[in-house]
Amino acid sequence: MIPVTWDEIEALALGQLEGGGPGALVTGITADSREVGPGDLFVALNTGVEYVDDARARGATTLVPDDQEAALGALASLVRSKSAARVVAVVGSAGKTSTKDILGALCAPHASTIWAERSLNNEIGLPLTVCRLEPDTAILVTEMGMRGLGQVAELCAIACPELVVVSHIGPEHLELLGSVERVAEANAEAIAALPAGGTAVVPARCRELEPYLGRDDIVLRRFDPDDVELSDRRGRFRIDGDVVELDLPFTQRHHGVNALAALHGYAALGLPLDRAWEGAALIQLSPWRGEELVLPGGGFVVNDAYNANPDSMRAALQHLAERAGDRRRVAILGEMAELGDSWETYHVQMGELAEELGVAVIGVGEPARAYGPAVWASGVDEVFEAVRSYVQPGDAVLVKASRAVGLEGIAAEIANFARAWSLS
């Protein structure tokens, strides 16, 4: 981390600051007491107050904040003010984390790059990411989550991005925002926060986003899904009049579109398109976003259980159908959460799509009854029994739901169970 002084932190008056002293340097900020050592500042969040003594014993300075979100924001702003890094904000309804992962990897061979871990994208995660800035960091790729109006703007005030990538606009958090138009408005706060001369990378033909794309003092780049061809793990991208071919660690077309958005961001940073292949070799998507496990009998299971909304669910079902070939198709689907009054309509639509694609659904949880499942389980505890009774060797299986359903471990359980097939 870019060093800051104990005096600078003390001047922020964020809460109970102990350890260190005038002139001392802080060279790391963390909320995990297990990671601290001399020179670190441990910020005690929630139950972290129970570990202050442990952190002090490890040689760290400690802060018990009066307001943890405000404190983290202030600390991150202090670090950011000392950095000349070019900051990217990735926002959107779906694909944010994967786009961030891809962009960070593409940039890394050409500039000192830091990108957010996993989905650290909220009022806690974003500041902790900014606090990872090093003196030589040239590019910082952040991810910004959104649950309502004003939140993206607050995160941008901390990170001060000069490049925004909008991965997708679609139905999410409708219980708070009410419409896709409001979803676009909330994500567009990142575009409004850009300085003059900044760049916004946005999806082409996104009607809801158009009202926020009128600034004449920024550069606008549009990415079109038609500019992606993905065959197995080889991507072909048309961008800026050039064709870029990359070997990729995924087969999903929607991840191919995420890669196209990332390539536009990469180009906007002035990095060489003809050398993008170097970073492609480093791409590693965050867990539970389309991981594929091989099953005996020629089958496979796709773990896409980190989260779900109607657009990501549609993409996952379509990918399953394409990838399955002549295999039997099974989708273990839980609720798509936070859809407000429209929740049932969206679930029915996904059930109808699954039927059209020849996908048999194992529904998990009460809202999943709206899919019209072939098999239904009341919760995670019953899913495995449903799988044992329904999934067969050679099947193509998808596992997907909103994170609150807790299906992320089911794919591995299926793989473990399937080993018994090969022994029988």
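Which residue is the bridge partner of Thr30 in strand 5? The partner of Thr30 is Phe42. The model is predicted: local features need pLDDT of at least 70, side-chain atom pairs count only at pLDDT 80 or more, and totals for chains, interfaces and linings use all residues. Residues are numbered from 1 along each chain as its sequence is written, and side-chain values use heavy atoms, with hydrogens and water left out.

Helices (H or I, at least four residues) and strands (E, at least two) are DSSP runs, numbered from the N terminus. Two strands pair if DSSP finds at least two bridges between them. Strands of a sheet pair through backbone hydrogen bonds, either parallel or antiparallel.

An open sheet of three strands has the order 13-14-15 and antiparallel pairing. Strand 13 (228–231) and strand 15 (242–247) are the edge strands, each pairing on one side only. Here the twist averages 15° from one strand to the next. Strand 13 and strand 14 (residues 234–239) run antiparallel and are joined by four bridges. Glu229 stands opposite Arg236 in strand 14. Helix 10 (residues 253–268) packs on this sheet and touches strand 13, strand 14 and strand 15. Contact means heavy atoms within 4.5 Å. The direction of helix 10 makes about 45° with that of strand 14.

Helix 10 also meets helix 4 (residues 96–107). Their axes come within 8 Å and cross at roughly 45°. That makes helix 4 oblique to helix 10. Angles under 35 degrees count as roughly parallel, over 145 as roughly antiparallel, 65 to 115 as roughly perpendicular and the rest as oblique. In helix 4, the contact residues are Ser98, Thr99, Ile102, Leu103, Leu106 and Cys107. They meet residues of helix 10, including His255, Asn258 and Tyr266. The contact of helix 4 with helix 10 has nine nonpolar, five polar and no charged residues. Ala, Val, Leu, Ile, Met, Phe, Trp, Tyr, Cys and Pro count as nonpolar, Asp, Glu, Lys and Arg as charged, and the others, Gly among them, as polar.

Helix 12 (residues 310–324) packs with helix 13 (residues 343–356) at an angle of about 10°, with the axes 10 Å apart. The two helices are therefore roughly parallel to each other. Helix 12 contributes Pro310, Met313, Arg314 and Leu317, while helix 13 contributes Tyr346, Met350, Leu353 and Ala354. Seven of these contact residues are nonpolar, none polar and one charged.

The structure holds one aromatic pair. The rings of Trp288 and Tyr306 have their centres 6.5 Å apart and their planes at 20°, so the pair is stacked. Rings of Phe, Tyr and Trp (its six-membered ring) pair if their centres lie within 6.5 Å; planes under 30 degrees apart count as stacked, over 60 as edge-to-face and the rest as tilted.

Conventions:
Axes are lines fitted to C-alpha atoms, for helices over the stretch in contact, and angles run from 0 to 180 degrees between N-to-C directions.
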